[in-house]
Amino acid sequence: MRYVVAKDCPEAVALLNANNGARLLAGGTDLLVQLKQGAAKPNILIDIKKIDGFGNIAAEEGGFRIGATVSGAEIGAHIALKAAWPGVVEAVELIGSTQVQGRATMVGNLCNGSPAADSVPAMLAAGAVARVEGPGGARDVPVADLLKGPGRTALGSAELVSSVLLPKRGARAGDAYLRFIPRTEMDIAVASAGVNLELDAGGVVVAARVALGAVAPTAILVPEAAAALVGSRLEASALDACATACEAASNPIDDKRGTAEFRTRIAGVMATRAAKTAYTRAGGSL
Amino acid sequence: MKQDFKVLGTRPIRPDGLDKVTGKAMFGADKSVTGMLHARVLRSPHAHAEIVSIDTSKAEALAGVKAVITGDDFEDVDNRWTRYTMQNCMAQGRALYDGHAVAAVAAVSKKVAAEALALIEVTYKPLPHVTDVDEAMAPDAPVLHEGVKGRNLGDDVSGNTVGYYSFGHGDPETGFAEADEVIERTFKTAAVHQGYIEPQACLADLGADGRGELWCCTQGHYEVRRICAEILHMDASQLRVTASEIGGGFGGKTTVFIEPVALKLSQKAGRPVKLVMSREEVFRATGPTMSASMDVKIGMAKDGRITGAHARLRYQGGAFPYQMVMLGAMSAFAAYDLEHVQAEGWDVMTNRPKMISYRAPGAPMAVYAVESVVDELCQKLGLDPLDVRIMNAAREGSKSSYGPTFKAIGLVEALEAAKAHPHYSAPLAPNTGRGVSCGFWFNFGGQVSVSMAINADGTVNLIEGNPDIGGSRASISMMAAEALGIEFDRVRTIVGDTASVGFSDVTDGSRVTFAVGIATINAAKAAIKEMCKRAAMIWEIDEESVEWIDGAAHAVGHNAGTLPPMTLAEIAATSGKTGGPIAGHHEGAPDKAGVSFGVHLVDVEVDPETGFTAIKRYTAFQDVGKAIHPAYVEGQIQGGAVQGIGWALNEEYIYGEDGRLQNPGFLDYRIPVASDLPMIEPVIIEVPNPGHPYGVRGCGETAIVPPLAAVSNGVARAIGARLYALPMSPPKILKAL
Ligand SMILES: Cc1cc2nc3c(=O)[nH]c(=O)nc-3n(C[C@H](O)[C@H](O)[C@H](O)COP(=O)(O)OP(=O)(O)OC[C@H]3O[C@@H](n4cnc5c(N)ncnc54)[C@H](O)[C@@H]3O)c2cc1C
């Protein structure tokens, strides 16, 4: 196995293009584990941490562009970003421990393709857009369109994600992310939910996005759950309808981490709880 | 008994602390030598399979491979228990569980060793398997080993049932007839892992001259020596075993899993061999504790008096015969003074790794079942759970449920301390329940050797033969200092290798502070006797006129007051001229270990929408006899409580239909993490053990016994429904809600 430090994005893309079986290395907190287990056997590791600009968090048209190698710790320490997208930031900050946070990236979390990845439902709820670079140049792809299945994304074999944009949103808006794990940390989501709400002056939800993690082959958006919240002030009936829609959209596996029945129920609970937090963050009062 | 201690009860800084926090301490995997090879073990992917053939030729032909071994490389041994251990280290003829070792390689690097493993061709013929205890006991179950069925067992149980025990007195049926309420329940508990941080590791060197050196991470290097010498057909004297620092054991390192393999590879390759288990191997192939299936029936009168009690315990202990349910049956009702009681137990084999001890082995699950039924009776009869336990508590003079009559014990003191503690009367938050449970452990004495040298500068070196798994070097130094009448920091205690001090039993059974303590006190007495003799010689008076008081020789009798006391340092300084080095040693087998009781209180909050449990408050009361180093004792109580909480809530070995372990790692084998827990408040109770000069009972194991039922009782009271199986993971609690 070769290890190469790419000096810029075109070089990384060229290396990907030239090598079947290449893998990009960001924080390495997924990849190194896979190497150790023998689950990944790349012939070349392309380290993208030295690429200029990949490590930046930049304000852009009222939103934030987060570079591919920005670590969880850096995201957590960014005050303006945290104020604008508290739900995405709390999702990223849930990844691993203090040590893992120093390395793990949000983009790596996305590209690893785990259905239980914590930042992904939050990004889906946020309507995040990934910038994808490949041999043909750059294109912008909604994060929702990148998810394909456990361990799979829609990226071409010579493509990479250089950054993710969290778009601008209205003043009376808020988001939240919650996951269920049997312990309090160092665990994988059994079910999770990201919710992003916009309110009018009277506290009525005018726009909503609800996403679930760990209950389907990829994180999923649940438009029916979002629709249940729109027009409400999160009255019990709206929350119940949201939970029911989440349960209906869930299609989890039964495994050692939780039964399908349990995951399904918890998905609704996580969504309604996240909705309440997002609602208060948006300035609503319950 | 001595009461006015100078050193005991203080909290000196741990002598092994600096090395451990700076990374200097040498653990099992930390030692390397020139010319060393790296070993890897090939393991069965089948729960049960005949090994039709193993072709190692391709692996042997790989450049850099220096030795390959299989079960055929091991000659038979006479002792059947040693044979089981050997066949657990390396399968012979059949693979008995997922992860069972079938071959091993020693090569010039880990990489080559891994490549060689992939070149070994094993042909398996899968056989029917069984991993559940009740299924394994059923008459039609696939039997792991023929001819080992327990004596006196009928056709209603399979040949996997290797032992049956019964303890008690009176007649439980008579007791049930006297009861106002009788409850009978069936419980299940999962197999759980000790959760030590350090995987097993060793470095073996067995030369052509037949002399061997073995460095390993173990709780008992003399036991390692015995087993390995038998398996390798060596004289014990020719195998020197050195115990490394140990990254946790909790009973899991009281036997061997890899050492005979490393020695055999070294013998074959003619070079030192290092073998380090991965975490996955630790889970698949070392011993967890038993899983259990249990029926408990208890009768209670309206006033809370327990009139009769009966338990049937079925333990699953893995792929070889073992004896452990006995300790469960003995512990089950130990906290109660009962007229009519019986506890029966069955040891059962399954296609799982061979069980090994885990802190109070056998007791926590039995006590969980008993304490759950007692709690349910208290709820049903509207009685206070502590009052009921105080009413029925075993005390000095009680005939225990397992036979002996208790001497001075501290159960009532612990229960009363719990009742008086502010925790017990604190208001409860919503969705929160308060659980109570007693716990018990025997503690143990066993064989021990200690050698003590008085140095010319007035300091003391002490060699013991028990690996220090809980701070015993400090406690032993403290007892030496107390006995000699000198300061703690004048004494340094080390754990000697098998060639430098006499035989010592394994560090288990909460025995070290008790047994090594007695040997230390006796070694000090021997040294004191010699020092008094030297003083008498210098003073030119007879030995009988010299007494040792507060670290110095004093002239007594008609010489009293005529001579200034002579300190240890003064006597030591002239020892070269008064007869040579001064030392003391003691070898023995003290057998008056004192049993220890604990009482735990826990507040458990349950999220009614998710089944998530949070431990909000935890207080653990324990009679330890005498706390030599209270901080270590508190650590033992806290550690035991935490392990028991994990057992109650989320820990379990999960086997699939295919008989394979599904969670061989700490991600899906969930021990509690620090943020899951409140500060566990330990409350030390000291009712001295009359069998130890300072009153020591041993304190390491009792604390893991009460938490299972305490947490379960808390959950039952929080949600108004009771679970009868552990772990109480969120899906199971949500279902019960
Ligand atoms: C102890 C521990 C705890 C963890 N806890 C959590 C947790 O709580 N929640 C959670 O969601 N995850 C958790 N993880 C998983 C992991 O930390 C996260 O998924 C993390 O965000 C991955 O980021 P990374 O930068 O380390 O990715 P890497 O390991 O560097 O990469 C991950 C994958 O994405 C690919 N990749 C990386 N960057 C790009 C790019 N720019 N374009 C295209 N492909 C790319 C890599 O080739 C690789 O396949 C944990 C891991 C560990 C070791």
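R284(B) sits in helix α9 of chain B, which spans residues 279-285. The model is predicted. In this model R284(B) has a relative accessibility of 14% and therefore counts as buried, the limit being under 20%. A polar atom of the R284(B) side chain lies 3.1 Å from the backbone oxygen of S44(B). Setting aside neighbours within four places in sequence, the contacts of R284(B) include R43(B), S44(B) and P45(B).

**Domains of chain B**

The domain assignment divides chain B into domain 1 (36-127 + 200-276), domain 2 (291-443 + 594-736) and domain 3 (445-588). Between domain 1 of chain B and domain 3 of chain B, the contact takes 15 residues from domain 1 and 18 residues from domain 3. The centres of these two domains, taken over C-alpha atoms, are 41 Å apart.

The size of an interface is often given as the accessible area lost when the parts come together. For domain 1 of chain B and domain 3 of chain B this area is about 1,300 Å², with 60% of it on carbon and sulfur atoms. Which three residues supply more than any others of the area that domain 1 of chain B buries against domain 3 of chain B? They are Q219(B), H221(B) and Y222(B), which supply 48% of that area.

On the side of domain 1 of chain B that touches domain 3 of chain B, α7 (221-232) and β11 (239-243) of chain B each supply at least two residues. β11(B) gives the most to that side, with 5 residues. By class, the side of domain 1 of chain B has 5 nonpolar, 6 polar and 4 charged residues. Across the interface of domain 1 of chain B and domain 3 of chain B, 2 salt bridges are found. The side chains of R240(B) and D497(B) form a salt bridge at 3.2 Å, N to O.

**Salt bridges**

Over all chains, the structure holds 61 salt bridges. The table gives some of them.

| Residue | Partner | N to O distance |
|---|---|---|
| R65(A) | E60(A) | 2.6 Å |
| R83(B) | D76(B) | 2.8 Å |
| R697(B) | D623(B) | 2.8 Å |
| R240(B) | D497(B) | 3.2 Å |

In the salt bridge of R697(B) with D623(B), D623(B) lies in strand β25 (residues 613-623) of chain B and R697(B) in the loop between β26 (680-685) and α20 (707-719), so the pair ties together parts that are 74 residues apart in sequence. D623(B) and R697(B) are both buried. Elsewhere in chain B, salt bridges that share partners join D132(B), D134(B), K188(B), D295(B), R312(B), R314(B) and E344(B) into one network.

In chain B, R83(B) has 23% relative accessibility and so counts as partly exposed.

Terms used:
Residues are numbered from 1 along each chain as its sequence is written. Chains are lettered from A and ligands numbered from 1 in the order in which they are written. This is a predicted model: local features need pLDDT of at least 70, side-chain atom pairs count only at pLDDT 80 or more; totals for chains, interfaces and linings use all residues. Side-chain values use heavy atoms; hydrogens and water are left out. Domain bounds come from an automatic or database domain assignment. Contact means heavy atoms within 4.5 Å. Buried area is the accessible area (1.4 Å probe) that two parts lose on being put together, summed over both. A salt bridge is a side-chain nitrogen of Lys or Arg within 4 Å of a carboxyl oxygen of Asp or Glu. Helices (H or I, at least four residues) and strands (E, at least two) are DSSP runs, numbered from the N terminus. Ala, Val, Leu, Ile, Met, Phe, Trp, Tyr, Cys and Pro count as nonpolar, Asp, Glu, Lys and Arg as charged, and the others, Gly among them, as polar. Buried means under 20% relative accessible area, exposed over 50%, partly exposed in between (1.4 Å probe, protein chains only). A polar contact is a pair of N or O atoms within 3.5 Å; within protein, one must be able to donate a hydrogen and the other to accept it, and residues adjacent in sequence count only if both atoms are side-chain atoms.
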